[in-house]
Amino acid sequence: MDSQEAWHIAYNQLQLQLDRASFDTWLRGATLIQVEETGTFVIGVRNTYAREMLQNRLYRNIRRVLMDVLGEAVELRFEVRQTTPESKKPREEMPLFKLLAEQGPVEAPPLPLHEQIARPQRPALPESELNARFVFDRFVVNGSNRLAYEAARAVAENPAKYYNPLLLYGSVGLGKTHLLHAIAHTCRAHGLRVIYVPSEAFTNDLVDSIRHKTTAMFRERYRSVDVLLVDDVQFMAGKESTQEEFFHTFNALYTFNKQIVLVSDRPPRELNSLEDRLRSRFEGGLAVDVQPLELESRLAILEMWARERGVILPMDAMQAIAERARSNVRELEGLFNQAITKAHLEQRPVTMQVVEAALERHERPRQHRIRKGVTMDQVIEAVAAHFDLYPEDITGKGRSTRLNQARQVAMFLVRELTDVPLVQIGDVFGGRSHTTVLHGCNKMAEEMERDAELRALLMQLRAQLRGA
Ligand code: ADP
Ligand code: MG
């Protein structure tokens, strides 16, 4: 039998044997380039990812099929095909992401010398900040979230061993992001390479890499990790190109036995427009839902927070807060913060009276809320949480770089998302004049143009606040 024919038959058999995603991603379009004198079949594949994958993971599989067809022993080698009729097609004819997917890694243009020297060995990870407080030890476990906690722990201790991918889902403010960060902290402590990324940041990063022609680096970065943690994947719904790229990342990691954890605010079957192939992978791993916490756990959380901040919170006050915030720990946190900020400003202990006043403010009818639906307190809280600070740090007098940065972000968002007048913003943020506030906001807007990370951060905070 002619070698080409043998390859052709083997190829068709492999198409039946391998699962469709693997076949499409790695093997589709592979051709026999030549048979060397030693009998080695040289197979042309579309990119280096495919080559590695086939060489390392699917080698025996493919070899066996080919040997069955030929009736004799052969060896295989995979090479990246240089030119194919496909790539000679005018580029405009192919959708951008399809083109990228087929093209594989592209050499980035050479960097200027000083950057080459300063460049670290490994590609830099996106600076997705982890909240230092989101650790397992600070996660209160009870019936409603035990399974999610156990699964997260198992994954953190033994990545890619038990549940892969792991999907945590549930409504807002139930500790999903907390668990995701906790996994990241644990894995990093074990020396693993971890990326934690909100799905919007993934999208941003992708768009940026296309704009700056650094898709090779983008891929290298996301595909060279041991653990990939993607938050709020529901935001990928409807963004087909992001999903496409994510799917390839996902496949690459999955096949190399790397851990993937995803968080979503809805169960996998409701990730409606998320493409079927992605969805079916979610369902292949473990999907755990995170439920609202019982009163007991909410009290335990309040106790923990009070202890950490050195605040004495009487039992009746604690009960009142815990009973008010039933469905969501973020709300609990908001109430708790309001109560202690109020006490702090008035320089008195956190009594039941203070708590009641804070609760009342919280319950004020809608018209007292700011028109655009987000309050200044919410912005400050969200920014504080992001920068791993307390709200009172942001409105306080501290001057560290981190504090200043957080303050700038908070002021910018307050101005953008609420109708609070500039003068009042200035008052709250350490007694600045309204021109200083305005100047700060304009500077932020300029910086955003240049700084993709900052843009991603603001996008994330905005989405979070609007969803709150
Ligand atoms: P989600 O991502 O589900 O919307 P987060 O992880 O952001 O929610 O949680 C909101 C806040 O509630 C965070 O400050 C988090 O630390 C806290 N939190 C949520 N669940 C718990 C828990 N079980 N124990 C301690 N803190 C919790
Ligand atoms: Mg979250």
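## Salt bridges within and between elements

In this predicted model, Asp208 counts as buried, because its relative accessibility is 10% and the limit for a buried residue is under 20%. Its salt-bridge partner is Arg211, with the closest N and O atoms 3.5 Å apart.

The whole structure holds 17 salt bridges. One of them pairs Arg133 with Asp388, at a distance of 3.4 Å between the closest N and O atoms. Arg133 is located in the loop between helix 7 (113–118) and helix 8 (146–157), and Asp388 in the loop between helix 18 (376–386) and helix 19 (391–395); the pair therefore ties together parts that are 255 residues apart in sequence. Arg133 is classed as buried because its relative accessibility is 18%, whereas Asp388, with a relative accessible area of 22%, is partly exposed.

## A salt-bridge network

Which residues are linked with Arg77 in a network of salt bridges? The network consists of Glu36, Arg77 and Glu79. Within this group, the side chains of Arg77 and Glu79 meet at 2.9 Å, N to O.

Arg77 has a relative accessible area of 29% and is therefore partly exposed. Glu79 is also partly exposed, at 30% relative accessibility.

## Backbone features in loops

Most residues other than glycine have a negative phi, and most peptide bonds are trans. Several sites in this model depart from that pattern. Asp388, the salt-bridge partner of Arg133, has a positive phi of about 65° although it is not a glycine. Asp388 is placed in the loop between helix 18 and helix 19.

The loop between helix 8 and strand 4 contains Ala160, and the phi of this residue is a positive value near 60°. Is Ala160 buried or exposed? With a relative accessible area of 17%, Ala160 is buried, because a value under 20% places a residue in that class. Pro165 lies in the loop between helix 8 and strand 4 (166–169). The peptide bond that joins Asn164 and Pro165 is cis, with omega at about -5°.

## Helix 16

Helix 16 covers residues 329–345 and has 17 residues.

The N-terminal end of helix 16 is capped by Asn328, which places a side-chain oxygen 2.6 Å from the backbone nitrogen of Arg330. Just after the helix, Gln347 adopts a positive phi of about 50°. The buried residues of helix 16 are Val329, Leu332, Gly334, Leu335, Phe336, Asn337, Gln338, Ala339, Ile340 and Ala343.

## The surroundings of ligand 1

Helix 16 also takes part in the shell around ligand 1: this helix and helix 9 (176–189) each supply at least two residues of the shell. In total, 17 residues surround the ligand, and the closest are Val140, Gly173, Lys176, Thr177 and His178. By residue class, the shell divides into eight nonpolar, five polar and four charged residues.

Which atoms of ligand 1 and Asn145 come within 3.3 Å of each other? A nitrogen atom of the ligand is 3.3 Å from an N or O atom in the side chain of Asn145. At Leu174, a backbone N or O atom is 3.0 Å from an oxygen atom of ligand 1. The side chain of Glu333 has an N or O atom 3.0 Å from an oxygen atom of the ligand. On its own, ligand 1 has 560 Å² of accessible area, and the protein covers 95% of that area.

How values were computed: Residues are numbered from 1 along each chain as its sequence is written. Chains are lettered from A and ligands numbered from 1 in the order in which they are written. This is a predicted model: local features need pLDDT of at least 70, side-chain atom pairs count only at pLDDT 80 or more; totals for chains, interfaces and linings use all residues. Side-chain values use heavy atoms; hydrogens and water are left out. Helices (H or I, at least four residues) and strands (E, at least two) are DSSP runs, numbered from the N terminus. The expected span of a helix is 1.5 Å times one less than its number of residues. Buried means under 20% relative accessible area, exposed over 50%, partly exposed in between (1.4 Å probe, protein chains only). A polar contact is a pair of N or O atoms within 3.5 Å; within protein, one must be able to donate a hydrogen and the other to accept it, and residues adjacent in sequence count only if both atoms are side-chain atoms. A residue is near a molecule or strand if one of its heavy atoms lies within 4 Å of it. Accessible areas come from the Shrake-Rupley method with a 1.4 Å probe; for residues, only the protein chains shown count as cover. Ala, Val, Leu, Ile, Met, Phe, Trp, Tyr, Cys and Pro count as nonpolar, Asp, Glu, Lys and Arg as charged, and the others, Gly among them, as polar. A salt bridge is a side-chain nitrogen of Lys or Arg within 4 Å of a carboxyl oxygen of Asp or Glu.
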